[in-house]
Amino acid sequence: MVGRERSYLKGLIMLTQDQRQSLDVPVIKRPLWLHLDDNAPRTKSGFSAFYNKEKKKILGIVPDGAQYLSHLEAIDTIELILKELDESTETSLHLLKGGTLLYAHFKIKKEMDITPDETEEAFILSPEIILHNGFDGFTGAGMEFGISINDMHCRIQSLPQREMAAFYPISNVKSHIQAFLGGGMDKICNHIISLQDIDQWNTDEVVDFCKKILSNKDLKDIYEVVNASSRNWNIFIFLLEKIEKKRGYRAKREAEIALSKIFKLKWSMSYR
């Protein structure tokens with residue numbers, strides 16, 4: 001790897017008791033029945049509902065037989081794997097829709113110094129494992145990968161996407177994490193470092209990104225950045241900084257995914 005690695009003492013930093021309590025959403029799975037005629041017995045519909053006992057509210061509907069995990073079970077799966085791999089982490093949680101959706105970021109304590117030679121400000125890159133889980137009927141237990149640069153976040157495209165979403169069997173999860181933290185992370189780090197030397201970039205893609213994701217003022221600012229320097233690195237960092245200031249986790253997430261496509265931040269088990 002081209003970057004300069006910074007090491008940590010081993011020792012996992014797992015969820016605090018308060019964090020674990022916040023994930024204890026009182027959800028049960030109830031079968032849905034069909035009752036079409038008063039004179040006919042009810043029959044199973046083939047679907048079940050996730051039901052919040054405290055709020056007395058249906059959160060989502062899934063086919064019978066669909067596998068699901070509670071938020072705590074999903075978290076414990078990742079923590080157990082990281083413990084087996086002896087990886088140190090810092091964990092941040094994002095609960096959406098009243099606890100229906102969970103996004104947990106496991107920031108791996110492996111840092112790479114990717115600071116350009118002529119830059120005074122240090123740029124430190126760290127890999128992230130991003131767990132998602134939900135009871136809305138659409139978001140099951142799955143994984144994404146990402147990076148943080150000076151605590152600014154960006155997603156990594158998974159090719160094909162279904163590879164990263166596969167949470168069963170659990171052995172799949174461990175093999176994906178091992179591969180990403182190994183050769184996969186090397187390739188991504190080298191690709192980001194290469195942005196420091198490349199001057200070509202797709203004007204239409206970046207401008208279209210700004211129009212959809214950023215404000216009109218940001219769109220004006222990007223032209224100033226381009227006029228000052230056409231280097232991909234400067235534009236990439238500028239956009240990361242703008243995304244970090246956006247309000248709301250989901251808005252940031254969408255922007256991070258769009259940015260990863262523009263700068264071709266991608267990885268797959270197939271290409272490790």
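Trainee: Why does Leu 96 count as buried?

Mentor: Its relative accessibility is 14%, and buried means under 20% relative accessible area, with exposed over 50% and partly exposed in between (1.4 Å probe, protein chains only). Therefore Leu 96 counts as buried. Keep in mind that this is a predicted model, where local features need pLDDT of at least 70, side-chain atom pairs count only at pLDDT 80 or more, and totals for chains, interfaces and linings use all residues. Residues are numbered from 1 along each chain as its sequence is written, and side-chain values use heavy atoms, leaving out hydrogens and water.

Trainee: Which residues does Leu 96 touch, not counting residues up to four places away in sequence?

Mentor: Leu 101, Tyr 103, Tyr 249 and Arg 250, where contact means heavy atoms within 4.5 Å. Tyr 249 is 153 residues from Leu 96 in sequence, yet their C-alpha atoms are 8.6 Å apart.

Trainee: What makes H2 oblique to H4?

Mentor: Helix H2 (residues 71-84) and helix H4 (residues 170-194) pack at about 50°, with axes 10 Å apart. Angles under 35 degrees count as roughly parallel, over 145 as roughly antiparallel, 65 to 115 as roughly perpendicular and the rest as oblique, so H2 is oblique to H4.

Trainee: Which residues of H2 meet H4?

Mentor: Thr 77, Ile 78, Ile 81, Leu 82 and Glu 84 in H2 meet Ile 170, Val 173, Lys 174 and Ile 177 in H4.

Trainee: How do you know that H7 is mostly covered?

Mentor: Ten of the 13 residues of H7 are buried, including Trp 233, Phe 236 and Leu 240.

Notes
Axes fitted to C-alpha atoms, helices over the stretch in contact; angles between N-to-C directions. Helix = DSSP H or I, 4+ residues; strand = E, 2+ residues; numbered from the N terminus.
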